[in-house]
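Okay, thanks for making time, everyone. I've got one structure to show, so let me put it up and then talk through a few spots in it.

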Amino acid sequence: DDSLSRLSNFMLRERLWNVSREIWLDLQADQASQELFVVASSILETLLGMANAALHESNATINIIEHIAIIGLGKLGGAELSYDSDWDTLIVYEVPSESLKPQIFAAASKIAEFILGAGPKLRSRGVAVDIDARLRPEGRVGALTYTVDEFRDYYTTSALTWEKQALVRARYVAGNEALGTEYLEMVHSVIYATPLPDVQLQEIRDMKRRMETERLKPEHVEEDLKLGQGGMSDIEFLVQMRQLQYGWRYPELRRPQTVTTLRTLGSLNLLPPLIATRLAEAYLHFMKLRLQMALGKGSAFVSDDDLETCNLMKEVRTIIMREFYGQKY
């Protein structure tokens with residue numbers, strides 16, 4: 001408990017330092033989000049060590065920390081965190097000897113339980129953080145941790161299109177870096193093996209439509225900065241779709257950051273360069289506003305008084321209708 005209190009105090013201090021530089025030193029939104037990622041990575045590395053120490057106190061004989069890596073997805077994987085972003089994680093373990101697999105799996109599962117259970121404890125100490133593993137194979141009913149081979153088997157035989165899309169933003173975060181690299185190489189070999197089939201292309205478009213109709217009230221469709229029309233998810237979906245379409249040919253597209261990938265798409269003429277630049281500018285503007293919202297009322301809704309953002313969202317939506325949905329004008 002004392003260790004978790006120290007962790008929460010560390011996170012609060014780092015966030016306050018970030019905020020102060022945003023206000024007085026004009027820290028840019030992408031830099032602020034990157035530094036929030038560094039803090040998150042440090043926290044997860046520390047939690048991994050705490051969990052390992054707790055295992056040894058219970059007479060565990062394997063130093064499991066040497067055989068585990070934590071992978072980030074979503075905003076964590078993209079290093080595009082806000083102050084209230086979820087930390088979407090996957091936990092990978094390796095087996096140095098097949099005879100040790102039951103023992104290592106049990107230990108790795110306990111490590112995962114400890115890390116995921118730390119989220120509510122940190123929130124109770126005043127830190128807004130949710131450490132989640134819901135993007136793992138089989139979702140909430142799946143195991144908490146898998147080997148690289150087990151992940152590969154699932155991704156190649158059972159994963160749905162949206163699950164493969166989520167892997168575009170996979171990034172090593174903590175633990176055994178060599179294992180994390182092995183996992184990422186496996187993921188890239190799966191999701192970038194071939195061009196995206198037309199049927200999966202349409203599934204991505206359909207999924208985006210469903211998000212707008214099922215997760216948003218009609219009155220919020222044009223004002224939700226995260227999920228609404230012309231908002232952050234519009235840009236993210238377009239970028240991720242292009243990555244899945246062309247990542248098999250261009251290795252430089254195999255990266256988790258939205259803005260960096262937009263610039264690469266423009267340089268490769270996979271998006272019109274001026275459009276790619278405009279979307280990158282819009283995304284950075286939205287990131288800055290999202291950080292401010294997280295510090296204030298916590299709402300993701302854009303005020304009608306914010307004409308700059310409202311007009312920018314309309315401009316983005318026009319681009320998305322053409323470049324993502326394929327509508328002609």
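Predicted model: local features only at pLDDT ≥ 70, side-chain atom pairs only at ≥ 80, totals over all residues.

Let's start in the middle. As a reminder, in soluble globular proteins, nonpolar side chains tend to be buried together. Here the largest nonpolar core has 111 residues. Which residues have the most contacts inside it? Those are L44, L47, W87, Y155 and Y183. If you want to know where the core gets the most residues from, look at helix α2, residues 29-57, which gives 13.

Take L44 as a way in. Skipping its neighbours within four places in sequence, L44 is in contact with I70, L76, W87, T89, I115, I131, V173 and A174. W87 turns up there, and W87 is also among the residues with the most contacts in that core.

D130 sits in strand β3, residues 130-132, and touches D86, W87 and R123, leaving out residues up to four places away in sequence. Its relative accessible area is 27%, so D130 is partly exposed. D130 and G117 are 13 residues apart in sequence, and their C-alphas are 9.5 Å apart.

Now the helix pairs. Two packed helices are described by the angle between their axes and the distance between the axes. For helix α9, residues 232-246, and helix α10, residues 258-267, that's an angle of about 55° with the axes 10 Å apart. That makes α9 oblique to α10, and their crossing is left-handed. On the α9 side you have I235, E236, V239, R242 and Q243, and they meet T258, T261, L262 and L265 in α10. Sorted by class, the contact has 4 nonpolar, 3 polar and 2 charged residues.

Let me stop on R242, in helix α9. Is R242 buried or exposed? It's buried, at a relative accessible area of 9%. Beyond residues up to four places away in sequence, R242 touches G247, L253, L265, L270, L271 and E323.

The other pair is helix α11, residues 273-295, with helix α12, residues 307-323. Those axes come within 11 Å and cross at roughly 135°, so α11 and α12 are oblique to each other. The crossing is left-handed here as well. From α11, I275, R278, L279, A282, H285, F286 and L289 meet a set in α12: E308, T309, L312, M313, E315, V316, I319 and R322. The residues of this contact divide into 9 nonpolar, 2 polar and 4 charged.

Last bit, some backbone. Most residues other than glycine have a negative phi, and most peptide bonds are trans. A79 isn't a glycine, yet it has a positive phi of about 55°. You'll find A79 in the loop between α3 (74-77) and β2 (86-93), and with a relative accessible area of 5%, it's buried. N269 isn't a glycine either, and has a positive phi of about 60°. N269 is in the loop between α10 and α11, and at 58% relative accessibility it counts as exposed.

At 30% relative accessibility, R152 is partly exposed. R152 and M186 are 34 residues apart in sequence but 6.9 Å apart in space, C-alpha to C-alpha.

That's my tour, so over to you.

Definitions and conventions
Residues numbered from 1 in each chain as written. Heavy atoms only, no water. Axes fitted to C-alpha atoms, helices over the stretch in contact; angles between N-to-C directions. Helix = DSSP H or I, 4+ residues; strand = E, 2+ residues; numbered from the N terminus. Parallel < 35°, antiparallel > 145°, perpendicular 65-115°, else oblique. Left-handed = near helix turned anticlockwise from the far one by under 90°. Contact = heavy atoms within 4.5 Å. Nonpolar A, V, L, I, M, F, W, Y, C, P; charged D, E, K, R; others polar. Buried < 20%, exposed > 50% of the residue type's maximum accessible area, 1.4 Å probe, protein only. Core = buried A, V, L, I, M, F, W, Y, C linked by side-chain atoms within 4.5 Å.
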